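Here are a few notes to go with the structure you are about to look at.

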Amino acid sequence: ALQNRMNDAGAKPEEQIALAQAYVWTYPASPHESDAQQDLQQTQKKLADQRQAEKDAEAARAAARAKLVQRVQARDLSLGEWRDFLRDMSQGDLVKFLGRPTSQTRDYWIYAGDWIADPATKQKVGMEINFNAGRVLSVGEAPHSP
């Protein structure tokens, strides 16, 4: 039964560890005790490796987010990156990251200045952010002033 559970690809490592540990404690004189002990150690290592991989992935996500925030502060994002970053952000959070807008209405805010590189002219232009119920709905280039 232990071997079946240890070889079951769908079994959770925590369940396998509990079962192997119970076997080792319950049958210390069993001829299969060393196999159970080895299964226990392998499964514990597998679980530890999974946890470490999760920690590493979280650290990588945090580092990527910190780098993105630095690029936000430097106004060094493409229009697509601005859209992804600001998607569904609240107006309060927007002010935390970008400061107060140059001008605003209830439905949209304009950030004038060097925010987005215009693909046609390669010049940096302002950004218009449209809202729905106080959350970012869309991001685009600000209308050019005549």
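Predicted model: local features only at pLDDT ≥ 70, side-chain atom pairs only at ≥ 80, totals over all residues.

1. Start with the overall dimensions. The C-alpha trace spans about 90 × 30 × 25 Å along its principal axes.

2. Next, the fold elements. The protein chain holds 5 helices and 4 strands, and from the N terminus on they run α-α-α-α-α-β-β-β-β.

3. How much of the chain is buried? Of its 146 residues, 29% count as buried. The accessible surface comes to about 9,700 Å², and carbon and sulfur atoms account for 51% of that.

4. Now to the interior. In soluble globular proteins, nonpolar side chains tend to be buried together. Here the largest nonpolar core has 18 residues, and those touching the most other members are Trp82, Leu86, Leu94, Leu98, Tyr111, Met127 and Ile129. Two or more residues each come from helix H4 (79-86), helix H5 (91-98), strand E2 (108-117), strand E3 (124-132) and strand E4 (135-141). Another core, of 9 residues, lies apart from this one and includes Leu2, Met6, Ile17 and Tyr23.

5. Leaving aside residues up to four places away in sequence, Tyr111 touches Leu94, Leu98, Gly99, Arg100, Pro101, Thr102, Gly126, Met127 and Ile129.

6. Last, the charges. The protein chain carries 19 positive and 20 negative charges, and their mean positions are 6 Å apart.

Notes
Residues numbered from 1 in each chain as written. Heavy atoms only, no water. Buried < 20%, exposed > 50% of the residue type's maximum accessible area, 1.4 Å probe, protein only. Areas by Shrake-Rupley, 256 points an atom, 1.4 Å probe, with all protein chains shown as cover. Lys, Arg positive; Asp, Glu negative; His and termini not counted. Charge placed at Lys NZ, Arg CZ, Asp CG, Glu CD. Core = buried A, V, L, I, M, F, W, Y, C linked by side-chain atoms within 4.5 Å. Contact = heavy atoms within 4.5 Å.
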